[in-house]
Amino acid sequence: MLDRPVLVGVLNATPDSFSDGGRHVDPARAAAAAQEMVAAGAAALDLGGESTRPGATPVTAREELRRLLPVLAAVRQAVATPLAVDTTKAEVAAAALDAGADIVNDVSAGRFDRRMLPLCARTGVPVVLMHMRGRPATMQRRPAYRDVVSEVAAFLARRVAAARLAGVARDAIVVDPGIGFGKTVTHNVALLAHLDVLAALGYPVLVGVSRKGFLGALLGGAGVGERLYGTAAAVALAVARGARLLRVHDVAAMRDVLAVASAVTAA
Ligand code: HH2
């Protein structure tokens with residue numbers, strides 16, 4: 001599936017996500033959005049019931065499931081595309097896998113719930129291991145690194161080792177620099193510029209730049225709705241540096257970006 005870069009469409013079943021919060025809480029609307037994203041070229045969809053934006057307050061597993069399961073059920077019925085569940089809780093991941101999800105996307109890389117990696121091993125599903133500094137509530141408080149690229153690479157190598165130790169198969173692992181998770185604009189730009197260092201770990205790299213705050217800053221304060229071209233530039237450059245999965249909100253627009261960026265990169 002990953003001999004060429006693919007798009008992962010974002011569907012947040014949350015009232016407070018930074019860019020699409022509240023839009024996909026209703027199962028029927030979420031299912032329609034899922035169909036649209038698949039028709040527009042998404043190879044997978046990422047569904048989440050807890051916002052991880054900077055400063056977000058954590059929710060309980062019960063609340064996360066209350067939001068997620070009706071949306072997941074409707075989306076599962078509507079599309080045959082692989083569905084990822086964006087959660088740090090093994091209980092939520094297990095329920096979502098039971099309800100038809102196919103992939104675990106854990107922004108804590110298995111650090112927040114020690115049952116998560118064993119669950120992924122047991123069920124044999126692919127897992128996304130993402131770098132984050134600290135927790136969403138506090139991660140943007142003065143992020144500092146000596147060398148962000150080598151520190152993120154070392155972190156991901158450690159989390160890959162933890163996943164392997166838990167029994168996760170080598171080819172079930174995806175790594176992710178965690179753009180915007182405990183990073184300044186300079187850190188995010190450095191990670192995108194040197195994504196090849198992360199790709200050299202030998203696992204497919206997923207990148208989530210879509211509409212994120214660092215783009216707003218680079219664009220002179222552009223709001224969430226004004227970051228489409230900035231997202232396009234970041235997606236194209238990420239592909240050129242070896243990203244294989246691009247987590248995006250604007251699937252139709254990014255399909256064109258991906259088509260061109262992949263062709264040039266592969267030439
Ligand atoms: N970014 C967000 C959420 N989940 N997962 C991975 N693997 N990589 C990312 O970069 C990533 C992620 C944040 O974006 P969004 O889902 O749009 O917002 P929120 O966390 O507020 O729901």
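1. Helices (H or I, at least four residues) and strands (E, at least two) are taken here as DSSP runs, numbered from the N terminus. The model under discussion is predicted. On that naming, Arg211 sits in the loop between β7 (206–207) and α8 (213–218).

2. Arg211 has a positive phi, near 60 degrees, and is a residue other than glycine. The relative accessible area of Arg211 is 12%. Since buried means under 20%, Arg211 is therefore classed as buried.

3. Ala109 belongs to the loop between β4 (103–106) and α4 (116–123). Ala109 is also buried, and its relative accessible area is 0%.

4. Turning to helix packing, α5 (residues 148–166) packs with α6 (residues 185–193) at an angle of about 70 degrees, and their axes are 9 Å apart. Angles of 65 to 115 degrees count as roughly perpendicular, so α5 and α6 are described as roughly perpendicular to each other. The crossing of these two helices is right-handed.

5. Which residues make the contact between α5 and α6? From α5 they are Val148, Val149 and Val152, and from α6 they are His187, Ala190 and Leu191. By class, the contact residues comprise 5 nonpolar and 1 polar, with no charged residue.

Definitions and conventions. Residues are numbered from 1 along each chain as its sequence is written. This is a predicted model: local features need pLDDT of at least 70, side-chain atom pairs count only at pLDDT 80 or more; totals for chains, interfaces and linings use all residues. Side-chain values use heavy atoms; hydrogens and water are left out. Axes are lines fitted to C-alpha atoms, for helices over the stretch in contact, and angles run from 0 to 180 degrees between N-to-C directions. Angles under 35 degrees count as roughly parallel, over 145 as roughly antiparallel, 65 to 115 as roughly perpendicular and the rest as oblique. A crossing is left-handed if the near helix is turned anticlockwise from the far one by less than a right angle, and right-handed if clockwise. Contact means heavy atoms within 4.5 Å. Ala, Val, Leu, Ile, Met, Phe, Trp, Tyr, Cys and Pro count as nonpolar, Asp, Glu, Lys and Arg as charged, and the others, Gly among them, as polar. Buried means under 20% relative accessible area, exposed over 50%, partly exposed in between (1.4 Å probe, protein chains only).
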